[in-house]
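Hi,

Here is the structure I promised to pass on. Have a look at it first, and my notes follow below.

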Amino acid sequence: MTIDELIENFQGQIMIAQEEKDKLEAEFSDTKLNPYGITTIDFSKRQEQYELILKLQGAVEGLQLALIHELP
């Protein structure tokens with residue numbers, strides 16, 4: 001796999017994770033915040049997606065830097 005292909009792959013994963021996070025947030029907005037509504041498990045799922053997005057963005061930025069330094 002080339003660096004460009006890796007960047008495209010990570011960007012695709014970012015889009016998927018962002019869609020999942022947006023879906024969870026939409027579900028949160030449809031649910032009233034009460035003791036029996038949204039659980040800490042739901043919030044942790046959203047947090048996991050957010051952390052994944054940050055990691056993937058860091059990987060993309062690192063690969064882009066590698067591309068810049070790879071040029072002669």
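On the surface, Asp4, Glu5, Glu8 and Glu70 gather in a patch of negative charge. Such a patch joins like charges within 9 Å, using residues with over 30% relative accessible area and no salt bridge. Asp and Glu count as negative, and the place of a charge is CG of Asp or CD of Glu. Helix α1 (residues 3-30) gives the most to this patch, with three residues; helices are DSSP runs (H or I, at least four residues), numbered from the N terminus.

This is a predicted model, in which local features need pLDDT of at least 70 and side-chain atom pairs pLDDT 80 or more, while totals for chains, interfaces and linings use all residues. Residues are numbered from 1 along each chain as its sequence is written, and side-chain values use heavy atoms, with hydrogens and water left out.

The structure holds one salt bridge (a side-chain nitrogen of Lys or Arg within 4 Å of a carboxyl oxygen of Asp or Glu). Glutamate 25 forms it with lysine 21, and their closest N and O atoms are 3.3 Å apart. Both sit in helix α1, four residues apart, about one turn of the helix. Lysine 21 is buried at 12% relative accessible area, whereas glutamate 25 is partly exposed at 32% (buried is under 20%, exposed over 50%, partly exposed in between; 1.4 Å probe, protein chains only).

Over in helix α2, the buried residues are Gln49, Ile53, Leu56, Val60 and Leu63. Alanine 59, also found in helix α2, is partly exposed at 27%.

Best wishes

Notes. Patches are made of residues with over 30% relative accessible area and no salt bridge: like charges are joined within 9 Å, nonpolar side chains (Val, Leu, Ile, Met, Phe, Trp, Tyr) within 5 Å. Accessible areas come from the Shrake-Rupley method with a 1.4 Å probe; for residues, only the protein chains shown count as cover. Helices (H or I, at least four residues) and strands (E, at least two) are DSSP runs, numbered from the N terminus.
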